[in-house]
Amino acid sequence: MEQYKEKLKKQNIVLLLCILALALCSALAFASEIGLVVITPSFPEKHWMSLWRGFVGGASTGILCLMVFCLVRNYLAMMDEKKLKKLYVKMHDERTIQLFHNARSAAMSVFLIGGLLAVIVTGYFDPKVSITILVCVMVCSSLCLWFKAYYDKKY
C-alpha cells in the first residue's frame, strides 16, 4: 500500500499543476468576457470571440472540477487505510481494466472510420476542414500502430 500511496502523491502533484493551469485559462477566458482582455482570439466577429471565450472558460472550469474531485478523492483515501484499500481495488480490478481497454479499442475504431467518412463529406464543403480531419485520423492511426509495436515488443 505504501507504493500506491507514493503513486497517489505523484498523481496529486500532477493534478495540482494541471488545476493551476486550468484555473489560469478559465480566469483569462472569463476576465476577457467581462472586459479585461488579455488574450484575443483571431476571430473577426465579436460574436465568435465571445462564443470561443465562453467555450474555453466553461470547458476549462468543467475539467478543473473533475480534477479537484480526483484530488480530493486521492487525499481522502491517503488519510484512511480502508478508503485507500478500496480505491486500490477499484483502480486495479482486472475486469474493469479489461472493459476499459475494450471500450477504448472500439471507440478508436469508430473514431477512425467516422473520421474517414468526415474527410469525404467535408471535402465537398471546405477543403481546410477535410485536410485537418485527415491529419487527425493519420496521427491517430500512426499512434495506434506505434503503440501496437511498442506493446508487442514489451509483452
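Tutor: Helix 4 and helix 5 are roughly antiparallel to each other. Angles over 145 degrees count as roughly antiparallel, under 35 as roughly parallel, 65 to 115 as roughly perpendicular and the rest as oblique. The angle here is about 155°, and the axes lie 8 Å apart. Axes are lines fitted to C-alpha atoms, for helices over the stretch in contact, and angles run from 0 to 180 degrees between N-to-C directions. Helices are DSSP runs (H or I, at least four residues), numbered from the N terminus.

This is a predicted model, in which local features need pLDDT of at least 70 and side-chain atom pairs count only at pLDDT 80 or more, while totals for chains, interfaces and linings use all residues. Residues are numbered from 1 along each chain as its sequence is written, and side-chain values use heavy atoms, with hydrogens and water left out.

Now the contact itself (heavy atoms within 4.5 Å). Helix 4 brings residues including Met108, Phe111, Leu112 and Gly115. Helix 5 brings, among them, Ile133, Leu134, Val137 and Cys140. By class, this contact of helix 4 with helix 5 has 13 nonpolar, five polar and no charged residues. Ala, Val, Leu, Ile, Met, Phe, Trp, Tyr, Cys and Pro count as nonpolar, Asp, Glu, Lys and Arg as charged, and the others, Gly among them, as polar.

Next, helix 2 (residues 46-79) and helix 3. They pack at an angle of about 125°, with axes 5 Å apart. That makes helix 2 oblique to helix 3. Arg73, Asn74, Leu76, Ala77 and Met79 of helix 2 meet Glu81, Lys83, Leu84, Leu87 and Met91 of helix 3. The residues of this contact divide into six nonpolar, one polar and three charged.

Glu81 also forms a salt bridge with Lys5, the closest N and O atoms being 3.5 Å apart. A salt bridge is a side-chain nitrogen of Lys or Arg within 4 Å of a carboxyl oxygen of Asp or Glu. Glu81 lies in helix 3 (residues 81-91) and Lys5 in helix 1 (residues 2-33), so the pair ties together parts 76 residues apart in sequence. Lys5 is buried, at 17% relative accessible area, and Glu81 is partly exposed, at 44%. Buried means under 20%, exposed over 50%, partly exposed in between (1.4 Å probe, protein chains only).

The structure holds two salt bridges. Glu6 and Lys9 also pair, at 3.5 Å, N to O. They are three residues apart in helix 1, separated by about one helical turn.

Notes. Helices (H or I, at least four residues) and strands (E, at least two) are DSSP runs, numbered from the N terminus.
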